[in-house]
Amino acid sequence: MSKIKRKHEDEGQSKPYKKKHWSLGLLDSMTDPDLIVEEDDLVTVIKDKYPKAKFHYLVLPKENITNLKRLNTSNIELLKHIHICGEKIIKKAAGGRNFRLGYHAVASMSRLHLHAITQDFDSSCLKTKKHWNSFTTKFFVDSKVIIKQLEENGKVDLAYLNPSELLKAELKCHVCDMKQGNMPKLKAHIKQHVQDA
Ligand code: AMP
Ligand code: ZN
């Protein structure tokens, strides 16, 4: 008997149980009333479960589009709608604050998702260099750039951006470009910019 089967029998389950991969977690969150902020026929807006700023939302299409690579010209109107929903939710929740709407060049979670995130980066969930650089370097691609690529080339081409660059890139303040030696120093430094964010 395999180890996996034995484990499930121990748990009193009659059928073999397959745990959903962590990278599919957004799919459950799209139906979680505690996380849903708004929805319409085309998209669901949820709170990011591990927000990297005071206001951090994800806008996801209901259509099963896994990531940026799957997009083509038929999705342009949907992407524009996703952009407008991101603008609306952040203005409603965090009116007057600076924010960005964009996609990670290579996302870790499945189902395409637009990040709508304020620029204070004031959150205990933002801990690592990888987190920081994923939101403050060219790895974070503005939604409008993605839409333009689709309109001009019929596809999104970000193959030149590799997640391994997130660890190689230096730590820099996103407001004044001052270099910082580590994340605690950087987080202490950016506090001075919070009122501008
Ligand atoms: P990425 O795939 O790199 O664009 O980012 C995935 C985002 O999803 C991150 O900002 C996470 O904090 C967030 N996240 C991870 N798991 C969940 C979840 N189960 N529900 C909602 N948000 C999540
Ligand atoms: Zn600074």
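This is a predicted model: local features need pLDDT of at least 70, side-chain atom pairs count only at pLDDT 80 or more; totals for chains, interfaces and linings use all residues.
**Entry 1: the hairpin.** I began with the strands and found that a hairpin joins strand 1 to strand 2 through three residues. Strand 1 covers residues 36–39 and strand 2 covers residues 43–47, and I found them paired in the antiparallel sense over three bridges. For one of the partners across this pair I picked Ile 36, whose bridge partner in strand 2 is Ile 46.

**Entry 2: the partners of strand 4.** Next I turned to strand 4, residues 99–104, which pairs with strand 5, residues 114–118, in the antiparallel sense over four bridges. In this pairing I saw that Phe 99 stands opposite Thr 118 of strand 5. Strand 4 also pairs with strand 6, residues 140–142, where I read three bridges and again the antiparallel sense. Here I wrote down Gly 102, which stands opposite Asp 142 in strand 6.

**Entry 3: where ligand 1 lies.** I then asked myself where ligand 1 sits, and I found it in the largest pocket. There are 16 residues around ligand 1, and those that come nearest are Ser 29, Asp 48, His 104, Ser 108 and His 113. When I sorted this shell by class, I got six nonpolar, seven polar and three charged residues. Helix 2 (25–29) and strand 3 (56–61) each supply at least two residues of the shell, and helix 2 gives the most, with three residues.

**Entry 4: polar contacts of ligand 1.** Which atoms of Lys 49 and ligand 1 lie 3.2 Å apart? I found a backbone N or O atom on the side of Lys 49 and a nitrogen atom on the side of ligand 1. For Met 109 I noted a polar backbone atom, which is 2.8 Å from an oxygen atom of ligand 1.

Methods. Residues are numbered from 1 along each chain as its sequence is written. Chains are lettered from A and ligands numbered from 1 in the order in which they are written. Side-chain values use heavy atoms; hydrogens and water are left out. Two strands pair if DSSP finds at least two bridges between them. A residue is near a molecule or strand if one of its heavy atoms lies within 4 Å of it. A polar contact is a pair of N or O atoms within 3.5 Å; within protein, one must be able to donate a hydrogen and the other to accept it, and residues adjacent in sequence count only if both atoms are side-chain atoms. On a 1 Å grid over the protein atoms alone, a cavity is a set of points where a 1.4 Å probe fits but cannot get out, and a pocket is an open set with protein on both sides within 12 Å along at least five of seven lines; lining residues have an atom within 4 Å of a point. A molecule sits in a cavity or pocket if more than half of its atoms lie within 2 Å of its grid points. Ala, Val, Leu, Ile, Met, Phe, Trp, Tyr, Cys and Pro count as nonpolar, Asp, Glu, Lys and Arg as charged, and the others, Gly among them, as polar.
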